[in-house]
Amino acid sequence: MRLEILERGHRLRSRAVFALIRLMSRQPVVDAVKLAFYRPEFYGAGPLTHEAMRGPSEWSVGDRELMAAFVSKVNESPFCIAAHSATSRIWYGQDLRVAATLADVTTAPIEEPLRATLILLGKLTRDHAIDADAVRAVLAAGVSPQQVEDALAVCLAFNITDRLANAFGFHVPGPEAMNAGARQLLSRGYR
Amino acid sequence: MSDIRKLQRDLIARVLGRGGKAPPALRRAAFDNAGLDEPLRTLIDKVAHRAHRVTDEDIAEVRAAGLSEDQIFEVMVCAAVGQAHRQHTAALAALTEALGGR
C-alpha cells in the first residue's frame with residue numbers, strides 16, 4: 001500500500017485482531033481489513049457498507065455482491081472485483097452467473113430486473129450521473145423504487161471503497177486469501 | 001435501508017468534522033474537489049475521477065509539499081467520500097424525478 005500508516009500504523013488492539021485473523025484463516029490480512037481498522041473513528045465506513053450489503057432488501061446478498069463486483073469492474077478496481085466476485089460466487093454456489101455478468105452484462109444469464117439495475121449502476125459509476133429517463137427504464141423492467149434505492153446504496157458504498165482501494169494501492173492476494181475473505185464477509189458481514 | 005441516509009450523514013460528519021489532523025478547510029476542499037493548489041489538486045482529482053491512475057509519485061509530491069501521512073490519508077478519504085456522495089445525490093434526484101413524472 002502507498003501509505004506506511006495503513007500497513008504498520010495500527011493500534012495495539014487492531015494488531016492483535018490481525019494476529020488472530022492470520023491464526024484462524026491461515027492467510028495474510030488483506031488490505032481492505034487494514035484500511036477498515038485504521039482510525040475507524042475517522043473513516044470507519046463498515047456500518048454503511050454493512051447496511052447496504054446485508055441490511056433488509058428485496059435484493060439477495062448474492063445479487064448485491066454481484067452489483068459490488070460489477071461497479072468495481074467499471075471503476076477498474078482489481079482488489080474489489082476479485083473480493084466481491086468471490087463472495088457472490090460462493091453465495092450463488094456457481095461461477096457462470098458472475099463470470100458472464102462481468103464479461104458482458106447485456107447477454108449474461110441473469111434476471112431482467114437485475115440486468116437493468118446493473119446497467120444503471122454502470123452508467124452512474126462511469127458517467128458520475130444518471131438522468132430520470134435512465135431510472136424510468138429500470139422501473140419499466142419491473143424494479144421497484146425501493147430496489148432502485150437499495151441498489152444505489154450498494155453503488156455508494158463501492159464508489160467510495162473502489163476509489164480508496166485503487167488510490168491506496170491495495171495488493172491483490174491469491175484466490176485462497178480472497179476466498180477466505182469472502183467466507184468471512186458472508187458469515188460476519190462488513191462491521 | 002432507512003439507516004443508509006443516517007449512516008451516510010454520520011460518515012460525512014466524521015471526515016469533515018473535528019477528529020481530523022488535516023485542517024478542516026483542506027478536507028472540505030478535498031471533499032468538494034475544488035479550490036486546491038498543486039500538487040494536491042492532481043491527487044484529489046485523480047481520486048475523484050480516475051482513482052486507478054493514482055501513482056506513488058502523486059503521493060510522494062504531496063508528502064514533499066509538507067503533508068503528513070495521516071493528513072494525506074484524510075484528504076484522500078474525503079475525496080472518495082465526496083465524489084461518491086455527489087453521484088449518489090444526483091441519482092436519488094433522478095429517481096425522485098422519474099417517480100414524479102409517472
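Student: What makes up the secondary structure of chain B in this predicted model?
Tutor: The secondary structure of chain B comes to five helices and zero strands, and from the N terminus on the elements run α-α-α-α-α.

Student: Why are B:Leu11 and B:Val15 in H1(B) listed among the residues that meet H5(B)?
Tutor: Two residues are in contact if their C-beta atoms lie within 7 Å. B:Leu11, B:Ile12, B:Val15 and B:Leu16 in H1(B) meet B:Val77, B:Cys78, B:Val81 and B:His85 in H5(B), so these residues belong to the contact by that cut-off.

Student: How do the axes of H1(B) and H5(B) lie, and what is the hand of their crossing?
Tutor: The axes come within 10 Å and cross at roughly 145°, and the crossing of H1(B) and H5(B) is left-handed.

Student: Which elements of chain B give two or more residues to the side that touches chain A?
Tutor: The contact takes 38 residues from chain B and 41 residues from chain A. On the side of chain B, the elements that give two or more residues are helix H1 (3-16), helix H4 (56-64) and helix H5 (69-100), and the largest share, 21 residues, comes from H5(B).

Note on methods. Residues numbered from 1 in each chain as written. Chains lettered and ligands numbered in written order. Predicted model: local features only at pLDDT ≥ 70, side-chain atom pairs only at ≥ 80, totals over all residues. Helix = DSSP H or I, 4+ residues; strand = E, 2+ residues; numbered from the N terminus. Axes fitted to C-alpha atoms, helices over the stretch in contact; angles between N-to-C directions. Left-handed = near helix turned anticlockwise from the far one by under 90°.
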